[in-house]
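This briefing is arranged by topic for reading beside the sequence and the model. Please keep the structure in view while going through the points.

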Amino acid sequence: MSGGDENPSDLRSGSPIDFDRLDANRERFSADDRFKRIDEQPAFAPDRLVCVYDRRFYPERFRGARLEIVWFENGNFSLHYHEEHERGEFDHRWDRHPSDHNTRDHVHPGPDAPTPGDDTSHPTDWRDVLSMVLSEIEDRQRAFWAE
């Protein structure tokens, strides 16, 4: 995992990675013009799908942004949004996994995704979770242009 201080074995809780779900995400996002490219299991995050945002959604001061996705067969997940810009970085994570610092569903809010995060509830269906996360990221992107 890039960023954050979660132990990957905590996220997994003994469950295998749900590669079928990652494949479904890859297929969907491959046709989505908000992403410049989709990296499957990159060396820095071999259990993840990394979706690199097209820079046209960001002002010039941004160097890049990506969404890292990992799903497990037991329903656990971590969705990590990361930005790099002139003034530093921004990280925000949406998680569902057992934890000694939060409830199973929690968020590590930006700008630095602290641990512990904020307890919350996420939708039951993974597609709804993904829609919620993408919508929150889109709200953030729109706000850059209103500054």
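This is a predicted model: local features need pLDDT of at least 70, side-chain atom pairs count only at pLDDT 80 or more; totals for chains, interfaces and linings use all residues.

The buried residues of H3 are Trp 126, Val 129, Leu 130, Val 133, Leu 134, Ile 137, Gln 141 and Phe 144. Seen down the axis of H3, these buried residues fall within an arc of 125 degrees, so they line one face of the helix.

**Helix H3**

- H3 has 21 residues and reaches 31 Å from its first C-alpha to its last, which is close to the 30 Å expected at 1.5 Å a residue.
- An α-helix has 3.6 residues a turn, so residues three or four places apart point the same way.
- The face of H3 turned away from its buried side carries the exposed residues Arg 142 and Ala 146.
- The cover over the buried residues of H3 includes H2, E1, E2, E3, E4 and E5.

**The largest nonpolar core**

- The largest nonpolar core has 29 residues, of which Tyr 53, Leu 67, Ile 69, Leu 79 and Tyr 81 touch the most other members.
- Two or more residues of this core are given by each of helix H2 (19–30), strand E1 (35–40), strand E2 (49–53), strand E3 (62–71), strand E4 (77–85), E5 and helix H3 (126–146).
- H3 supplies the largest share of this core, with 7 residues.
- Leaving aside its neighbours within four places in sequence, Tyr 81 is in contact with residues including Tyr 53 and Leu 67, and its contacts also include Phe 90, Trp 94, Ile 137 and Arg 140.

**The sheet**

- Seven strands make up an open sheet in the order E1-E2-E3-E4-E5-E6-E7, with antiparallel pairing.
- E1 and strand E7 (118–119) stand at the edges with a single partner strand each, so one side of each is left without a neighbour in the sheet.
- E4 and E5 form a hairpin with 2 residues between them, and 9 bridges join these antiparallel strands.
- Within this pairing, His 85 stands opposite Gly 88 in E5.
- E5 is also joined to E6 by 4 bridges, the two strands running antiparallel, and here Asp 95 stands opposite His 106 in E6.
- Strand E6 (residues 105–108) is joined in turn to E7 by 2 bridges, again in an antiparallel arrangement, and His 106 stands opposite Asp 119 in E7.
- E5 is mostly covered, since 7 of its 9 residues are buried.

- Arg 48 has its place in the loop between E1 and E2, and Arg 48 counts as buried because its relative accessibility is 1%.
- The side chains of Arg 48 and Asp 47 are joined by a polar contact of 3.2 Å.

Technical notes. Residues are numbered from 1 along each chain as its sequence is written. Side-chain values use heavy atoms; hydrogens and water are left out. A nonpolar core is a set of buried Ala, Val, Leu, Ile, Met, Phe, Trp, Tyr and Cys residues joined through side-chain atoms within 4.5 Å. Buried means under 20% relative accessible area, exposed over 50%, partly exposed in between (1.4 Å probe, protein chains only). Contact means heavy atoms within 4.5 Å. The expected span of a helix is 1.5 Å times one less than its number of residues. The arc is that of the directions from the helix axis to the C-beta atoms. Two strands pair if DSSP finds at least two bridges between them. A polar contact is a pair of N or O atoms within 3.5 Å; within protein, one must be able to donate a hydrogen and the other to accept it, and residues adjacent in sequence count only if both atoms are side-chain atoms.
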